[in-house]
Amino acid sequence: MTAREAEKTDATLEDTEGPIIAEGVDEEPVEKNRRLFSGATGIAVAALATFYAAFHMAALFGLSLSAMTGIEIGFLPDLPVETWNFRIIHVAGALALGFLLYSAHMFNDDDTDKGGTLPAILSAILALPALFAGVTAIGFAGQISSGDLPVMGGLTTWSSFPGTEIYSAETYKFGLPLLVSTIGALVLGWVFPVSREKLSFPDVVMALCAFVVAIYLVAVYGTAARNAVGTPYVPIGVAFAATAGIILILELTRRVAGLALVVITAIFLIYTFTAHLLPGILAVQKPYSWHRFFGHVYSDAGVLGPTTAVSSTYIILFIIFAAFLQASKVGDYFVNFAFAAAGRARGGPAKVAIFASGLMGMINGTSAGNVVATGSLTIPLMKKVGYDKKTSGAIEAAASTGGQIMPPIMGAGAFIMAEITGIPYQDIALAAVIPAILYFATIYFMVDFEAAKLGMRGMREDELPKLKQLIRQVYLFIPIIILIYALFVGYSVIRAGTLATAAAAVVSWLTPHRMGLRSILKAFELAGVMAIQIIAVCACAGIIVGVISLTGVGARFSSVLLDLAATSQLLALFFAMCIAILLGMGMPTTAAYAVAASVVAPGLVQLGIPMLTAHFFVFYFAVVSAITPPVALASYAAAGISGSNPMETSVASFKIGIAAFIVPFMFFYNGSLLMDGEWFDILQAGVTAMIGVFLLSSGVQGWFVGNKAALLFRVVLIVAALLFIEGGLLTDLIGLAVAAGVGFYQRTMATKETVA
């Protein structure tokens, strides 16, 4: 939303009489480079998106690919889709759908068709090498299934050495034609933009190339080629396919997630081929060949590794769940419920933003997405009750960021954490409860004290939805309750997510938005489109993970942490925090955590920190990087709605969330905050931590027990907060005594003159 649109929304709200009712929160925002098709093209693309999401739902139930399509495919066994092939198809489908839907350029309202016959002719020419490469890959599949290849160690080998017939075929009949089509279509798409309502022929060629890459990898990786990953013996065709695949992944990531992640990935790629020239911990002994690297990175050590494993199962399943919830307008209900419950408090819309963002965080996996969904309503209202536009945007950004650590879904990071650590997802979601509460409590205290200092009022009763009426619709929480219950009684994540999705469809029949066959298909279509960004981000993060695993740079960073810990463990943690935040700046949380977990978390584990604590420490800072200047994605999104300066908004959101930066250190010093220990210890840790963040917020905002606090007492309050945060009984008692002393003075002896 532009500043002009925000002012228009603000003016509309000023003129509104009667209660503020949230509508359209569930509607998916349309990005500036997303195409809007109609007619036969629109139906075809919608059908592709619907099939893509439904395919995943069916495959997760173990249905065979041939049973779902009704087509016997010779080189695929008539069994549940094999994991490796499933991930390859998962990435290829997202790439194809993404290139059809997202343009290489941003669209303007006055766009005219800039295409013409020339790009169509050139695209047709470029499609020919891709088709030739695809036919060659299918030929390889037939050659492998014929049984004519040699067997070594019980496995069919795919001998691809210079001078062999296979090597020549992979190079000249598959690899080079594929790269010509991929790179040519990429350049052509940049040079010849088309209008928003039309297909881009170069992007159709890129979608074709994505499928050709998948056909080859599915065919050849069924042989011993998979065992050669990361060695000089990987087939040359794998390196060609991987190169084309990585070009496609980087370009789609640029289109759907911006340049930040692409630039960071490019730095890691450059590092791979220059590491032997670098000094210190960045150096490697020998340079890596193009052949070996690309054969390694498009494997389960990189692109097809943990990030894609999670996006192809848990993430897309919960995206489908979110799409079904959106079809029954649960998001609108959550925001209206938040208004009814929190709108009367001082600074009401700001409290609503916190409450609504926490609820939306259960079903929405992105900080910026939360900002757009709830901020378009709450930010103008915050400005209306007295917050300036900078603070309004900052509050929404800080609140929306917390949705990433709100159980049960927690964005996508929790699923990746479960995949990397082997810790059951249920344990991770349970451990997140107290940190999530502390985060939102911190934001609440900061907002409340700001409202108290400014003497703000809450919203009037007649401005709010009726709570009694909303309570009658409390059944809309049933799908989420079923999800939480199923997870914690021991159901698998996939089974729990499937039950919750079915419950969302059933619950919709109690609303005016009943889901029939058409609505269900529309929900699958929406899920297919929503999944593109997160799949591209996960695949791109997988490239970085592949670089780290091949070069071993993560282990060398771990040794640096160990050296720092010998001086001070706190210093090592601070260093780990800085790396996690730096890696997360400008990157989606999923990618930020995946990279930080490969670089930082192993070093923390080597320090003797429990696995869950180490990864949660990294994950938490990857999340708050969304409000950390100078590159704060959530803050920038909020600034677009509030009409404020993006950098000023990011600084303000950092200040509002400053106490939250202490929370990871709290559960490092006291594991009970991650539900590790006896119930009494957990309760004590939660209560004292809550007091600690309250005092810390008071010190930062300069407001305590109903009065402004002088600078000296603000410092004393922060010290008292740190004593509570340390977690020991003695320090808690000292902190309590210090806080009580300040409170007594503020109540009985403070005057306007002494406060000043």
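**Close-up views of a predicted model**

**View 1. Helix 23 against helix 24.** Phe 557, Val 560, Leu 561, Leu 564 and Ala 565 of helix 23 meet Gln 569, Leu 571, Ala 572, Phe 575, Ala 576 and Ile 579 of helix 24; contact here means heavy atoms within 4.5 Å. By class, the residues of this contact are ten nonpolar, one polar and no charged. Ala, Val, Leu, Ile, Met, Phe, Trp, Tyr, Cys and Pro count as nonpolar, Asp, Glu, Lys and Arg as charged, and the others, Gly among them, as polar. The axes of helix 23 and helix 24 come within 7 Å and cross at roughly 145 degrees. Axes are lines fitted to C-alpha atoms, for helices over the stretch in contact, with angles from 0 to 180 degrees between N-to-C directions.

The model is predicted: local features need pLDDT of at least 70, side-chain atom pairs count only at pLDDT 80 or more, and totals for chains, interfaces and linings use all residues. Residues are numbered from 1 along each chain as its sequence is written, and side-chain values use heavy atoms, with hydrogens and water left out.

View 2. Helices (H or I, at least four residues) and strands (E, at least two) are DSSP runs, numbered from the N terminus. Helix 23 covers residues 553-567, and its 15 residues should span 21 Å at 1.5 Å a residue, which agrees with the 22 Å between its end C-alpha atoms. The expected span is 1.5 Å times one less than the number of residues. Val 553, Gly 554, Arg 556, Ser 558 and Leu 561 are buried in helix 23; buried means under 20% relative accessible area, exposed over 50%, and partly exposed in between (1.4 Å probe, protein chains only). The buried residues of helix 23 pack against helix 9 (259-274), helix 22, helix 24 (569-584), helix 25 (589-599) and helix 26 (601-606).

**View 3. Val 529 in helix 22.** Helix 22 (residues 517-551) contains Val 529. Val 529 has a relative accessible area of 12% and is therefore buried. Apart from neighbours within four places in sequence, Val 529 is in contact with Arg 34, Ala 49, Leu 101 and Tyr 102. Leu 101 is 428 residues from Val 529 in sequence, but their C-alpha atoms are 8.4 Å apart.

**View 4. Lys 351 in helix 13.** Lys 351 belongs to helix 13 (residues 348-360). Lys 351 counts as buried because its relative accessibility is 2%. With residues up to four places away in sequence not counted, Lys 351 touches Ala 342, Ala 345, Arg 346, Tyr 444, Val 447 and Asp 448.
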